[in-house]
Amino acid sequence: MKILTCLTTALTVLWSLPSGSAAPASTDQPWFGRALVGMEIGPTGAQFGNSDSNDVRYCTRFDGREIVRHAVAAHSEYLVLWVRDGDYAYYDSKLLPKAPGLGTRDPLREAMDEARPHHLPIIAYCVVQQGGHFLKAHPEWEMRGADGQPIGRFCYNSGYLDAMKAIVAEQLAYGLAGFHIDMLDQGFGPPYGCWCDTCRAQFEQEFGHPMPKGATWDDAWDQMLEFRYATSERFEKALYAHIKSISPRATVDYNYHGNPPFSFELGQRPVQHAGNSDFVTGETGVWGFSALTVGLNAEFYRAAVPHQRVQVAMQRGVRMYHDQTTRPLNDIRWELLTLLAHGSFVTVVDKTGFDGWLDPLTYERIGAAFEEAREKRGHFGQTPVQDVGLYYSSRSRDWVGREKPANYFQSFQGAHKATVYEHIPYGVVLEENATLATLQRFPILMLPNVGILSEKEVALFRRYVEEGGKLLVTGQSGLFDRTGQPLAESALSEFIGANAKGRLESVDNWVTLSGSGPALSRLSADIRTNWPFLVKGPAVVYEPTTATPLGKLLKPHRTTRQQEGKEGTDWPMSADAPVGPAMLLHTVGRGTVLTFATSPDFATASEHHIVEARRLLRNAVRLLNPTPRVEITAPAHVETVVTDDAASRTLRIHLLGYNSPPQTTPPKDRPFVLPMPIEDAPMYRVVIESNHPLKRAEAGNKSTMLKRRGQRVKATVNDVHEVVVLRY
Ligand SMILES: [Zn+2]
């Protein structure tokens, strides 16, 4: 009872930090400087392109004034208004046809007029890639596949750049606060581009020989990938410079596709293409990225542009954009508050009805979620406290993953899944921009099956470890050359303290924890010893030189028919004989390297995941970093994000309770299901242990029960989001 009384007092303190009532008042700071929540609003009916340009029902009610009023009422701090897609302009354009139902109306003009008294920044949503009336009218700008056939996209080396410059210029004349430019991709799969005459000539001039005849995965294809990356980068930089030359204050952000599940086909490398605008914008959503990767997307974007703010877009629909459904409030809150806890600002996308109708229930729910976010503003944006850096290699993505990048992503995503389920705060490290300072932000650097490692990367790891860093290596890291060909010896052998005798062909590999000693005892916490368990994923047979071997790696049995190649090996088979150590522990300089001969990360993201495989990773992290800043015990369905505000000596532990009810079988692709949206707030217990003395512990919600004893805090929470604030 007493705790509850204290909490009521705390509530008023905690949830009433300054939230502001309109757009940022400062004139020096750009609109996105302290933006927290905003909306993107666009029409539904031409998103697939080639719509009926005589259908005057389309967008009759798509009204800029109404859109602004709805966004303002929903506590939106900025509005991204749809002004151009592959078919139409949604304003009076001299260059593009106007959406048929608009008549003489100009929604962009309406929105600008209505937004002015509210000081609401208007950002134009403008696509680059979309098949439709404009591409049809300009076949000379169309991308060509390797066979010379048009493939339904614009070529970035064509005259399309000049067309885009003219289009953004006429939009800028409205006095926009900025642009959100979408679909800067080169396609989301085969056929790849571009083999048009312009691109062929440009490639030949640059490399002195013709383009490869397709995805040949040789040196010529390596040059082709560089050419494609450079093409996208040139286009982005040229468009950015053009906009700034007309209106230096107008902001530019490009929708980013450098993160998993996207790969080379898009023409974006994680860092090379993230920083070409004023801030990066990426998407998230269960529809394409899973419920778990909401936070990972935000962290990935942050790692790609550590010098910039990050915007993440989510949608109001249950399934996807344009689907005309509305998620329950708790489902919207969970995603929104997860993104905010990870330090990004958030755009919620609403797609109107066919005629431009705005769904009132949608705006009620978004309004409630935005109001809460703004009340909690003071709890977002502090410095993250992260124990493990998850290393991501775009070279491995391209050349180990090749046209099946999911194989590479699985270990990275499994490592992420393990850290979230085990409440180990993580961050992302990208090979393109990693420096010693980047690595040293993390007590532990994890290499999840990073197949390709250059000499430069290995030298960086050496300094990190020698100066006291802890390296956690899994799977077949370092065992491939720069074009993805297997190496006889790992690039990391010296660190690992063992020679690689060979890679197992199987993925249904097994581990037994046997032996004694303090390291093995820590690694066996909550795992039965002398018991073989499946750790599905790539594995290596190591022969220790200077490392201490721990546990055993066992190969799987193979039936006679499997040996004869008459039966597949997709389904795991039971454990056969030991073939090498399961783990290797090695001291290097002042640091430590712990190597898994298996892939507990890959296993964690696989369909044959067992909890023990994930615990191996947790135990490894605890062995390498026994006293983290905070240690959190909570159920696996609760995500935790830890931040520190050193100036006010305040740690914040965001708790995000995911609570999806069971789902039934889908009409196709059984058993693969999308989770149900969250309806009810979950109830759960959390224990937080600080390695510093604490002065005070508080929670934001009236319903949270909180108890502190010394450096240990116990909380019982009944909400999708809570922040436990620890003053030290
Ligand atoms: Zn081309």
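Tutor: Helix α10 is mostly covered, since 12 of its 13 residues are buried, where buried means under 20% relative accessible area with a 1.4 Å probe and protein chains only. This is a predicted model, in which local features need pLDDT of at least 70, side-chain atom pairs count only at pLDDT 80 or more, and totals for chains, interfaces and linings use all residues. Residues are numbered from 1 along each chain as its sequence is written, and side-chain values use heavy atoms, with hydrogens and water left out.

Student: Which residues of α10 are buried?

Tutor: Among them are N330, D331, R333, W334 and E335. Helices here are DSSP runs of H or I with at least four residues, strands are runs of E with at least two, and both are numbered from the N terminus.

Student: What span should α10 have, at 1.5 Å a residue?

Tutor: The 13 residues, 329-341, should span 18 Å, and the end C-alpha atoms are 18 Å apart, which agrees. The expected span is 1.5 Å times one less than the number of residues.

Student: New topic: where is W217, and is W217 buried or exposed?

Tutor: W217 sits in the loop between α6 and α7 (219-246), and W217 counts as buried because its relative accessibility is 11%. Although W217 is not a glycine, its phi is positive, at about 50°.

Student: And which kind of peptide bond joins G193 to C194?

Tutor: That bond is cis, with omega near 5°, and C194 lies in the loop between β6 (178-182) and α6 (197-207).

Conventions
Buried means under 20% relative accessible area, exposed over 50%, partly exposed in between (1.4 Å probe, protein chains only).
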